[in-house]
Amino acid sequence: MIAIRLERLRAGHADALLEFERANRAYFARSVPDRGDGYFTYFADRHRALLAEQDAGTCRFHLVTDEDGALLGRVNLVDVEDGSAELGYRIGERAAGRGVATAAVLEVCRLAAAEYGLTALTAVTTLDNPASMAVLRRTGFTAVGELVIDHRPGVRYRRGLTA
């Protein structure tokens with residue numbers, strides 16, 4: 001397993017994050033809907049918008065890095081409201097299958113409770129993404145319902161948090 005760190009998203013992360021997303025685009029598209037060309041074309045505008053959301057307190061964005069600062073993935077809390085948020089994450093191909101997602105989700109759960117004052121997290125994934133489903137189960141999330149994500153059957157998960 002790789003030792004990881006979470007860093008709050010900053011303006012200075014834009015170039016590394018864009019390169020990470022480009023390098024992993026085809027890999028991510030195998031398990032989640034592709035973000036489309038516009039995501040990359042207008043990346044700088046989107047990055048500024050994410051930072052504004054974070055400053056407003058409605059989202060918490062984090063980069064997942066190794067001990068040397070190499071970008072391995074992202075883990076985010078969005079729609080922060082009334083003590084809860086929705087968890088989202090993506091780990092790059094070179095770090096996949098090495099415990100990075102599990103470690104990142106556990107760390108963001110700790111931060112969510114201890115630093116952000118949240119009491120519950122939700123997450124969703126498609127049924128054809130067994131790796132994501134396994135990460136959620138390993139990190140204490142429980143399936144609470146079914147849904148459709150981009151025309152694909154999926155599952156909604158929930159985890160209560162304690163500080």
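How much space lies in the largest cavity? About 60 Å³. I'll come back to that.

Some ground rules. This is a predicted model, where local features need pLDDT of at least 70, side-chain atom pairs count only at pLDDT 80 or more, and totals for chains, interfaces and linings use all residues. Residues are numbered from 1 along each chain as its sequence is written, and side-chain values use heavy atoms, leaving out hydrogens and water.

Overall layout, then. The protein has 6 helices and 7 strands. Both are DSSP runs numbered from the N terminus: helices are H or I, at least four residues, and strands are E, at least two. Along the sequence the pattern reads β-α-α-α-α-β-β-β-α-β-α-β-β. A compact globule of 163 residues would have a radius of gyration near 15 Å, and the protein agrees, with 15 Å. That radius is taken over C-alpha atoms, and the globule rule is 2.2 Å times the number of residues to the power 0.38. The C-alpha box is roughly 35 × 35 × 30 Å along the principal axes.

Now the sheet. It is open, with 7 strands in the order β1-β2-β3-β4-β5-β7-β6 and mixed pairing. Pairing takes at least two DSSP bridges between two strands. The edges are β1 (4–8) and β6 (142–149), each pairing on one side only. From one strand to the next, the twist averages 25°.

Look at β7, residues 152–160. Strand β5 (residues 120–126) runs antiparallel to β7, joined by 7 bridges. Alanine 120 has glycine 160 as its bridge partner in β7. β6 and β7 are also antiparallel, over 7 bridges. Here glycine 145 partners arginine 156. The β6–β7 hairpin has 2 residues between its strands, and aspartate 150 takes a positive phi near 50°.

Next, the helices on the sheet. Contact here means heavy atoms within 4.5 Å. Angles run from 0 to 180 degrees between N-to-C directions, with axes fitted to C-alpha atoms, for helices over the stretch in contact. Helix α6 (residues 130–138) lies across β4, β5 and β7, at about 160° to β5.

We use a 1 Å grid over the protein atoms alone. In a cavity, a 1.4 Å probe fits but cannot get out; a pocket is an open set with protein on both sides within 12 Å along at least five of seven lines. Lining residues have an atom within 4 Å of a point. Grid points join across faces, edges and corners, and volume is the space filled by probe spheres set on them.

The largest pocket holds about 1,100 Å³. Its lining counts 41 residues, with Val32, Gly88, Tyr89, Arg90 and Ser132 nearest the centre. By class, that is 22 nonpolar, 10 polar and 9 charged. Nonpolar covers Ala, Val, Leu, Ile, Met, Phe, Trp, Tyr, Cys and Pro; charged covers Asp, Glu, Lys and Arg; the others, Gly among them, are polar.

Back to the cavity. There is 1 of 30 Å³ or more. Lining residues include Glu21, Phe28, Val32, Asp34 and Arg90. Which element gives the most to that lining? α2, with 3 residues. The classes split into 5 nonpolar, no polar and 5 charged.
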